Amino acid sequence: MKALTWQGKRSVSVNTVPDPTIEKPTDVVIRVTSAAICGSDLHLYETLGPFLDKGDILGHETMGVVEEVGSQVTRLSPGDRVVIPFVIACGDCYMCARGLHSQCETTQMTEQGTGAQLYGFSELYGSTPGGQAERLRVPLADFNATKVGHELPDERYLFLSDILPTAWQGVQYADLPDDGTLIVMGLGPVGQFASRIGRHLGHRVLAVEPVAERRIMAERYGVETFDLTDDVVERLRDATDGRGADSVVEAVGMEAHGSPGATLAQNAVGLLPDGIAKKLMNTAGVDRLEALYNSFDSVRRGGTVSLSGVYAGEADPIPMKSLFDKQVSIRMGQCNVQHWRDELIPLVEDPSDPLGVEDLVTHRVPLDKAPEMYEMFQKKENGCIKVVLKP
């Protein structure tokens, strides 16, 4: 089959690789009909290369049709249409029973000191082949493959794999009061959905984003947008009675704009041998923190900052004095996708499409075009906000 593979920093290619097979009786193999490029994929493309091997198959936002079924699979049959959560979880362990599927103790990567296994996301999370390919093996399929109908287009369901529940969890973790004001840092795909979810739930939403096309998209949903300027925190405070917002969803993560020193550090780490680079990333602070600092500065006293953006540094400097003085609550973590899917399926199937799941994709291309789309998405060129690959 064809698959998108990692070859090096800022280098991916579509290659012919062996087809996946049933490895355990609880597996299924699906034929991929849609696979999206995620902002987290760009972290692999740019920063997390030391944890990847040449030829690793990327991608963790996938849906398709079941082709092969393991002997112990009871809920799925060939021909079923499914969307695949990016978190691989068992559904039965201590953590899964508490809705913490991203911490599943059955698939937890204990040797790496990380949480549950993820598709296409480096040795940190199991080196599991991803879904930017013509086929995908789905472990523990009865729990992890979400069966959906055949009537609606893929884009109604595809984002249940990651970015929609990630945004939903981000807003839930933000713990907004009923009449609360939400700030969203970053209007990439997760930030777009977090903003729309905030509006859907009845909140005033302000969002910060340097790319004009992304601000325009969010404004269609009643979001008040702000360019990323040196005085953006002051302008956000002015817009919130001088005190800041009740909550902030930070949807940017480790590669924030406006962090030249950290950008230099990330580039330097990327030039080191993998063994040294891994050690530095596991012990040092290598994240760009501008969006994080802006979040802390623009939340009101007693407010909540919810982190949906991915971070990788272990020694990032955090302003503990200010956070303690302001009594700021912080919540974060990989999304527990399976925990939220029952709440979200009715919303994506609603004829009115209240979260605009069909109004996010800016580029639909064949799998062969994936390398150029990675570059375009990273550079935020040509109005690129969300790319869907069609194997």
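What follows is a walk through the sheet, the helices around it and the nonpolar cores of a predicted model.

Six strands make up an open sheet in the order S10-S9-S8-S11-S12-S13, and the pairing is parallel. Strand S10 (224-226) and S13 sit at the edges, each with pairing on one side only. From one strand to the next, the twist averages 20°.

Two of the pairings can be spelled out. Strand S8 (residues 181-185) runs parallel to strand S11 (residues 245-250), with 4 bridges between them; here Met-185 has Glu-250 in S11 as its bridge partner. Strand S12 (residues 299-307) and strand S13 (residues 329-332) are likewise parallel and joined by 4 bridges, and Leu-307 faces Met-332 in S13. To get from S12 to S13, the chain passes through helix H12 (residues 320-326), giving a right-handed β-α-β crossover. Another helix, H11 (residues 290-298), lies across S8, S11, S12 and S13, at about 150° to S12.

As for the nonpolar residues, the largest core counts 81 of them, and Leu-58, Phe-159, Leu-160, Leu-164, Leu-182, Phe-193 and Tyr-374 have the most contacts inside it. Helix H5 (residues 163-174) is the top contributor, with 7 residues. Setting aside neighbours within four places in sequence, Leu-164 touches Phe-159, Phe-193, Ile-197, Leu-344, Val-348, Leu-355 and Val-357. There is also a second, separate core of 18 residues, including Leu-206, Val-248, Leu-292 and Phe-296.

Finally, helix H1 (residues 39-46) is mostly covered, with 7 of its 8 residues buried. Among the buried ones are Asp-41, His-43 and Glu-46, along with Leu-42 and Leu-44.

Conventions
Residues are numbered from 1 along each chain as its sequence is written. This is a predicted model: local features need pLDDT of at least 70, side-chain atom pairs count only at pLDDT 80 or more; totals for chains, interfaces and linings use all residues. Side-chain values use heavy atoms; hydrogens and water are left out. Buried means under 20% relative accessible area, exposed over 50%, partly exposed in between (1.4 Å probe, protein chains only). Helices (H or I, at least four residues) and strands (E, at least two) are DSSP runs, numbered from the N terminus. A nonpolar core is a set of buried Ala, Val, Leu, Ile, Met, Phe, Trp, Tyr and Cys residues joined through side-chain atoms within 4.5 Å. Contact means heavy atoms within 4.5 Å. Two strands pair if DSSP finds at least two bridges between them. A crossover is right-handed if, with the strands pointing away from the viewer, the path from the first strand over the helix to the second runs clockwise. Axes are lines fitted to C-alpha atoms, for helices over the stretch in contact, and angles run from 0 to 180 degrees between N-to-C directions.
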